[in-house]
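Work through the exercises below with the sequence and the model open. Each task is followed by a solution in steps.

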Amino acid sequence: MSDAQQEPAGKQIALVVEGGGMRAAFSSGVTDAFLQAEFNPFTLLVGVSSGASIIASYLAGQKGRNLAVLLDQSCRPEFIRWSRFVVGGDLMDIDWLWRVVQQENPLDCERMFAQQRDFRIVLSNAVSGLPRYAVAKPESFLEVLRASSSIPFFIRKPVQIDNEFYFDGGVADALPVRWALSQPNIGQVVVIRTRSHDYVKKGGLGDALLARHLSACGFAQALRQRVKHYNATLAWMRQAENCRSIIEINPPDDKKMAGRLCRDGGRLRYSYAAGLECGRALVQRWPLN
């Protein structure tokens, strides 16, 4: 199925793609499997952090682009530099990355927007801590995409959009499944995770320490509650009345898989291959009853 409009009202399908930095190699494999099969039954697509970039290339029909960027530009020393970070700069130079990628392996924005799908990018308001499910628009798309990848602490300053300031959407709503299912006519959600099925978020010490350095605002509270909110969302997804409407695609619990800041080409390719396998498995089983 490639025409999402074939689905009747109340039966339409959303795609949610979790963030996770370089763990997105898995997600890129899943969506490339979808592209190989010309599989796109989704009327609503919601990306968090690196998940938004995965969706962008998927809608643009650029199979292999995400993996190429992860293996090349994302692994260059100009992008992730600890020496810059320890003297007060950003760990990740998002501005450099988007500029170089658009020069060397540009996103086909014209083709992406021609799909006419409801593409949302999750952002976290840097003051209130509330999520914004920003509509992807040609005039602001790259700036919104940049904000969606601005991870607090690793990136020192939020990105300004429409007179507001935003960080990575993973703070406010890392798994926007409940929001997706609340949208009109959506009856099912496919979720591409970057964590194994049994993963439970732990700790939160880094978020708590960062929150202590912020003023008493909603964003600081969102940081303190991030772990609790993430695990509560997982519990909600697994409830019997909800799991019937949710299809999770999870990477294996395998130490060979890429981590958030991985720059090992072998691990990135391994994660991508795992994603291809999982994506093909879903396509072969579709439609699910």
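**Exercise 1: a salt bridge across the sequence**

The side chains of R132 and D162 form a salt bridge, at 3.1 Å from N to O; a salt bridge here is a side-chain nitrogen of Lys or Arg within 4 Å of a carboxyl oxygen of Asp or Glu. This is a predicted model, in which local features need pLDDT of at least 70 and side-chain atom pairs count only at pLDDT 80 or more, while totals for chains, interfaces and linings use all residues. Residues are numbered from 1 along each chain as its sequence is written, and side-chain values use heavy atoms, with hydrogens and water left out.

Task: State which parts the pair R132 and D162 ties together.

Solution.
1. R132 lies in strand β4 (residues 131-135), and D162 in the loop between β5 (159-161) and β6 (164-168), so the pair ties together parts that are 30 residues apart in sequence. Helices (H or I, at least four residues) and strands (E, at least two) are DSSP runs, numbered from the N terminus.
2. R132 is partly exposed, at 26% relative accessible area, and D162 is exposed, at 56%. Buried means under 20% relative accessible area, exposed over 50%, and partly exposed in between (1.4 Å probe, protein chains only).

**Exercise 2: a salt bridge within a helix**

Task: Locate the salt bridge between R146 and E143 and classify both residues by accessibility.

Solution.
1. The closest N and O atoms of R146 and E143 are 2.6 Å apart.
2. Both residues lie in helix α7, three residues apart, about one turn of the helix.
3. R146 counts as buried at 18% relative accessibility, whereas E143 is partly exposed at 34%.
4. Elsewhere, salt bridges that share partners join E18, R193, R238 and E248 into one network.
5. A search of the whole structure finds nine salt bridges.

**Exercise 3: the neighbours of β2**

Task: Describe how strand β2 (residues 42-48) is covered and paired.

Solution.
1. Seven of the seven residues of β2 are buried.
2. β2 runs parallel to β1 (residues 12-17), joined by five bridges; two strands pair if DSSP finds at least two bridges between them. A14 has L44 in β2 as its bridge partner.
3. From β1 the chain passes through helix α1 (residues 24-36) to β2 in a right-handed β-α-β crossover (with the strands pointing away from the viewer, the path from the first strand over the helix to the second runs clockwise).
4. Five bridges also join β2 to the parallel strand β3 (residues 118-125), where V122 stands opposite V48.
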